[in-house]
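Welcome! Here is a short briefing to read alongside the structure shown below.

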Amino acid sequence: MISEKMAAALNDQMNRELYSSYLYLAMAAYYEEKSLKGFAAWMSKQSLEEYEHAMKFYHYIIHVDARVKLTAIDEPQFDWDSIEKPFADALEHEKFITKSINDLADLAVEEKDHATNIFLQWFVNEQVEEVSSVQDIVDKFSLIGDSKNGLFWLDRELGARQ
Ligand code: OFO
């Protein structure tokens, strides 16, 4: 069993993961509209990954006999003023998610909830990967600057994401 406070915090994180999925889908749609199919495909895969993250919380909450509570998902932004801005925003968003995962892990330690703390370690590691991969893309945008060739190359590279 987990505490009510822990269950509420896990439900909040499930909502943030669903919001992340929604946000990346909005970014995918933005790139579809710009005919940047590779960026759209990358964001679409990211959206699916975030849905999977949300489902990990969903299953864990049920597994520990707590109550899943689905709350409203905020409406994400749907337009950006430059091609690289969604990735810059994604980086900020992943840093925010990292902080919220770390806060959850702190709460689990505070509550001596070892099982939840172990469950959260997967997310702690995942966030290192997520921030690093988005940072890498943001850095590539800086490198290519205004080059159209660079943009097409990056679109193709990101479209190859498995
Ligand atoms: Fe983008 O990360 Fe979920 O947790």
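Not counting residues up to four places away in sequence, glutamate 111 touches Ser3, Lys5 and Met6, where contact means heavy atoms within 4.5 Å. This is a predicted model: local features need pLDDT of at least 70, side-chain atom pairs count only at pLDDT 80 or more, and totals for chains, interfaces and linings use all residues. Residues are numbered from 1 along each chain as its sequence is written, and side-chain values use heavy atoms, with hydrogens and water left out.

**Around glutamate 111**

- Glutamate 111 sits in the loop between helix 3 and helix 4; helices (H or I, at least four residues) are DSSP runs, numbered from the N terminus.
- With a relative accessible area of 29%, glutamate 111 is partly exposed, a class between buried (under 20%) and exposed (over 50%), using a 1.4 Å probe and protein chains only.
- The C-alpha atoms of glutamate 111 and tyrosine 22 are 31 Å apart, and the two residues are 89 residues apart along the chain.

**The nonpolar cores**

- The largest nonpolar core has 25 residues, and those with the most contacts inside it are Tyr31, Phe39, Met43, Phe87 and Phe141; such a core is a set of buried Ala, Val, Leu, Ile, Met, Phe, Trp, Tyr and Cys residues joined through side-chain atoms within 4.5 Å.
- Helix 1 (4-33), helix 2 (37-63), helix 3 (85-110), helix 4 (114-144) and helix 5 (148-159) each supply at least two residues of this core.
- Helix 1 gives the most to this core, with seven residues.
- Apart from this core lies another, of 22 residues, including Met6 and Ile97.
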